[in-house]
Amino acid sequence: MTSASSTDPAAGAAPDSATTIGGNLGSLPIGVFDSGVGGLTVARSIIDQLPNESILYVGDTAHGPYGPLPIAEVRANALGVMDELVDSGVKLLTIACNSASAAVLRDARERYTARYGIPVIEVIQPAVRRAVAATRTGRVGVIGTSATVGSRAYEDTFAAAPDLVITSVACPAFVSYVEAGITTGPELLAVAGEYLEPLKAAGVDTVVLGCTHYPLLTGVISYVMGEDVTLVSSAEETAKDVYRALASRGLERTAAAAPEHSFIATGDAGQFESLARRFLGPEVLSVKHVDHVAAQYPTGSLARITPEMIAAAQRAASRPRISNFVGQGAGGSPSSGGSAL
């Protein structure tokens, strides 16, 4: 990514201004990131609702999935990616990852919004808002990664709505299936049946898909839960929040030329591109590989490495990281099908 030295970082501190040293602020892309391909569901909704906006998407596949990682490591990875996005020049950040939203949202808003005026949109609050409106009985289920469920971020957000009964279940293998391009089949159906049984036993009428990978498994989840259960994806609601943030600050792109969408993977670009084209569509012309360096030393003028981030990076370097693009293991279940990224 390019350095922030080409863009005045102070421009973000005055979001009401229409121009920066580099030109019209509205012409800058929307930054979107996830630990893999799941955030493409959010990117898809943003493109659908804001067809004139450009997207700069980063899939941190070299360090993902984030779900099984310790919170400190999720923080280090997520802040590193967002530092690089801001250094590259984006007008808004979208954390299209529930694990990262739970780990760093407050830090991100202090780091980028309070200091530089760059809005930060996440995926948890929009999903909760939709679920509260959708439930008929007040019994709501939440499925997510181990990190998201363990953080209790959804329970904390639902706390503002009285008389709800929340049942949360971690479904860690779902991400591996999606990253492998597997969205159907008897093995996945069996896993889904086991994961979702507590929600059926609790009698939930609404299920929040608390990971942006999970909308790609809507078919199997709906089949297991039954047609009377409403599935809530944060993608559409998050895109609405992106629109509100841009409109309220006068940051909409007004150029007549077609928008440009860029997709970056910190891991294997070829594997990411194949899945991205399948899940997002023709907007993915190509995927560029970049090394994720912000967790090791500062990039541009923004990145600031804390002792916590250094320790997390050292822990990550001390153990092998298995590729989240997995192949088929025995019995058709996901397994590490390639070398570590």
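What covers the buried residues of α9? In this predicted model, the cover includes the strands β7, β9 and β10 together with the helices α7 (173-179) and α8, and the parts of this arrangement are described in turn below.

The mean pLDDT of the protein chain is 80, with 76% of its residues at 70 or more.

An open sheet is formed by 4 strands, which follow one another in the order β8-β7-β9-β10 with parallel pairing. Because β8 (165-170) and β10 (230-232) stand at the edges and each has a single partner strand, one side of each is left without a neighbour in the sheet. On average, and with direction ignored, neighbouring strands of this sheet are turned by 20° against each other. Strands of a sheet pair through backbone hydrogen bonds, in either a parallel or an antiparallel manner. Here, β7 (residues 139-144) and β9 (residues 206-210) run parallel and are joined by 5 bridges, and Gly141 stands opposite Val207 in β9. Helix α8 (residues 186-202) lies across β7, β8 and β9, and runs at about 170° to β8.

The largest nonpolar core has 55 residues, and those with the most contacts inside it are Ile46, Ile143, Phe174, Tyr214 and Ile221. To this core α8 gives the most, with 6 residues. When residues up to four places away in sequence are not counted, Tyr214 touches Ile143, Gly144, Thr145, Cys171, Pro172, Phe174, Val175, Leu209 and Ile221. Another core, of 26 residues, lies apart from the largest one and has Leu79, Ala108, Tyr112 and Ile118 among its members.

In helix α9 (residues 218-225), the buried residues are Val220, Ile221, Val224 and Met225. These residues cover an arc of only 125° around the axis, and therefore lie on the same side of α9. An α-helix has 3.6 residues a turn, so residues three or four places apart point the same way. On the face of α9 turned away from its buried side are the exposed residues Gly219 and Tyr223. Helix α9 is followed by Gly226, which has a positive phi, near 100°.

Key:
Residues numbered from 1 in each chain as written. Predicted model: local features only at pLDDT ≥ 70, side-chain atom pairs only at ≥ 80, totals over all residues. Heavy atoms only, no water. pLDDT = per-residue confidence, 0-100. Pairing = 2+ DSSP bridges. Helix = DSSP H or I, 4+ residues; strand = E, 2+ residues; numbered from the N terminus. Axes fitted to C-alpha atoms, helices over the stretch in contact; angles between N-to-C directions. Contact = heavy atoms within 4.5 Å. Core = buried A, V, L, I, M, F, W, Y, C linked by side-chain atoms within 4.5 Å. Buried < 20%, exposed > 50% of the residue type's maximum accessible area, 1.4 Å probe, protein only. Arc of directions from axis to C-beta.
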